[in-house]
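Hello,

Here is the structure I promised to pass on. Please have a look, and then read my notes below.

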Amino acid sequence: MARTRTAVNRTVLGAVGLSLFLAGSWLTATDPAFADRLPTWWPAAGTGTVLLDRDRLAQLRGEGWWTPTVMAASIGLAVLLAIWSLGQSRSGRARPLALPSPGCTVRPQALAEALATRVTALPGIARSRARVLPRRGQRLEVRLRIWLEPDTPPDAVLPALRTATAEADRTATPYTAHTRVRLSTTPHRTRHVR
C-alpha cells in the first residue's frame with residue numbers, strides 16, 4: 001500500500017510539474033528575446049499572448065454547456081483532491097499484533113522501540129531508529145536505521161546486529177519479519193577554537 005501510494009504521489013506530482021513546465025515554456029516563448037532562439041518546430045505564440053483572452057472567455061460563457069462543465073470539473077477535482085488528502089493522512093495507528101497467548105497483543109510501536117533500544121546498546125552504534133509495519137498475512141516489515149560511531153567499520157557491528165535482528169524475528173514468532181537495515185556513520189565533531 002505504501003509503495004502504491006508513493007508511486008501515485010510521484011506520478012501526480014510529475015504530471016502536474018510537466019504540464020506547468022510546458023505551459024510556462026510556451027508562455028515564455030512570447031518574449032521576443034526568447035522567440036528568436038526557439039527551434040522552428042516550436043509552436044509560435046504572439047507577443048502578449050494569454051491562454052484565454054476576455055473576448056473568448058465571454059463567448060464561452062455565452063455557450064449553454066460552459067458553466068455546467070466548469071462547475072462539474074471543479075467539483076470533481078475538489079472531491080478527488082479531498083479523497084487524495086484523506087488517503088495521505090490515513091496512515092494512523094497500526095493495528096495491534098496478536099501474540100500466541102490467547103487475548104495478548106502488542107503494539108508495533110512497542111516492538112520498534114524495544115528493537116531500537118536493543119540495537120543502540122550494541123558496541124559501535126551511536127543511535128538507532130526502528131519501524132515495524134504490519135503487512136498482509138503473518139508478515140512484518142522492519143525498517144532499521146543505524147548510525148555508527150565515528151571510525152567504526154560496518155563489518156565490526158554486523159555479527160552483533162545479526163544476532164539482535166534474529167532475536168527480534170524470534171520474538172515476533174507467529175509473524176515472519178523482513179528486516180531492512182540502513183547504516184550511516186556519525187561524523188567526527190570538529191572542535192572550534194574561540
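Is Ser128 buried or exposed? Ser128 counts as buried because its relative accessibility is 15% (buried is under 20% relative accessible area, exposed over 50%, partly exposed in between, with a 1.4 Å probe and protein chains only).

Before the rest, a word on the source: this is a predicted model, where local features need pLDDT of at least 70, side-chain atom pairs count only at pLDDT 80 or more, and totals for chains, interfaces and linings use all residues. Residues are numbered from 1 along each chain as its sequence is written, and side-chain values use heavy atoms, with hydrogens and water left out.

Back to Ser128, which sits in strand β3 (residues 125-135); strands are DSSP runs of E, at least two residues, and helices are runs of H or I, at least four, both numbered from the N terminus. A polar atom of the Ser128 side chain lies 2.9 Å from the backbone oxygen of Ala116. With the side chain of Thr120, that of Ser128 makes a polar contact of 2.8 Å. Beyond neighbours within four places in sequence, the residues in contact with Ser128 (heavy atoms within 4.5 Å) include Arg145, Ile146 and Trp147.

Val8, Val12, Val16, Leu20, Leu77, Leu81 and Trp84 make a nonpolar patch of about 630 Å². At least two of its residues come from each of α1 (2-28) and α4 (66-89), and α1 gives the largest share, 4 residues. Val16, in helix α1, counts as partly exposed because its relative accessibility is 43%.

Best wishes

Definitions and conventions:
Patch = residues over 30% accessible without salt bridge, like charges linked within 9 Å, V, L, I, M, F, W, Y side chains within 5 Å. Areas by Shrake-Rupley, 256 points an atom, 1.4 Å probe, with all protein chains shown as cover. Salt bridge = Lys/Arg side-chain N within 4 Å of Asp/Glu carboxyl O. Polar contact = N/O pair within 3.5 Å; in protein donor to acceptor, adjacent residues only side chain to side chain.
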